Amino acid sequence: MAVSTEAVSEEAVGKKEAAGTYDTGEGMCPYRLVLEHVTSRWGVLVLIELLDRSYRFSELRRAIDRVSEKMLTQTLQTLERDGLVHRDAKPVIPPRVDYSLTGLGREAAEQVKALAGWTQERMDAVLEARQAYDERKARQANGEL
């Protein structure tokens, strides 16, 4: 029987929480799981996008570009479960669902946006470092060092 890593991790988290301790080693303790959710490829983009305003699902999908419907759904559900995203389903026809940040989600989004801004500002330095590394590795491969 196949068991997903997430299910195993959540089970382990439940046991740790019940015992009143958290595994800070290689296991997936609660804060590491949240960190993984917040910093995931799509989690980062969802949080940053929702900083501006609430979105309907289709609007958010268009704004994020290249995210599949399945991945966006999973990401939103995960962030909602963590208390970062609020899902507001309105009882109208056709159904209307809006997604927005909670207070906790806004805090996380601001942190992620700051990191994304730093990355953008420092990209030239990163590219220079990559080039120097690649050149050093190429010299080593050719026996020049």
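These notebook entries record what I looked up in a predicted model of one protein chain.

**Ground rules.** I number residues from 1 along each chain as its sequence is written. Because the model is predicted, I require pLDDT of at least 70 for local features and 80 or more for side-chain atom pairs, while totals for chains, interfaces and linings use all residues, and side-chain values rest on heavy atoms, without hydrogens or water.

**Secondary structure.** I found seven helices and three strands in the protein chain. Helices are DSSP runs of H or I with at least four residues, strands are runs of E with at least two, and both are numbered from the N terminus. In sequence order I read α-α-α-β-α-α-β-β-α-α.

**Helix α7.** I looked up residues 123-141, which form α7 with 19 residues. From first C-alpha to last, α7 reaches 27 Å, close to the 27 Å expected at 1.5 Å a residue; the expected span is 1.5 Å times one less than the number of residues. Gly143 follows α7 and has a positive phi, near 75°.

**Surface and burial.** Of the 145 residues, 23% are buried (under 20% relative accessible area; exposed is over 50%, partly exposed in between; 1.4 Å probe, protein chains only).

**Core.** I located the largest nonpolar core, which has 23 residues (buried Ala, Val, Leu, Ile, Met, Phe, Trp, Tyr and Cys joined through side-chain atoms within 4.5 Å). Val46, Leu50, Leu60, Leu72 and Leu76 have the most contacts inside this core. At least two core residues come from each of α3 (41-52), α4 (57-64), α5 (69-81), β3 (96-101) and α6 (103-121). The largest share, six residues, belongs to α3.

**Contacts.** For Leu72 I listed Val46, Phe57, Leu60, Arg61, Ile64 and Val67 as partners, leaving aside residues up to four places away in sequence; contact means heavy atoms within 4.5 Å. Among chain contacts between residues at least 6 apart in sequence, 40% join residues at least 24 apart.

**Arg66.** I placed Arg66 in the loop between α4 and α5. Arg66 counts as exposed because its relative accessibility is 71%. Its C-alpha is 9.9 Å from that of Trp42, 24 residues away in sequence.

**Charge over a ring.** I found Arg53 over the face of Tyr55, 3.9 Å from the ring centre. The rule asks for NZ of Lys or CZ of Arg within 6 Å of the ring centre and within 35 degrees of the ring normal.
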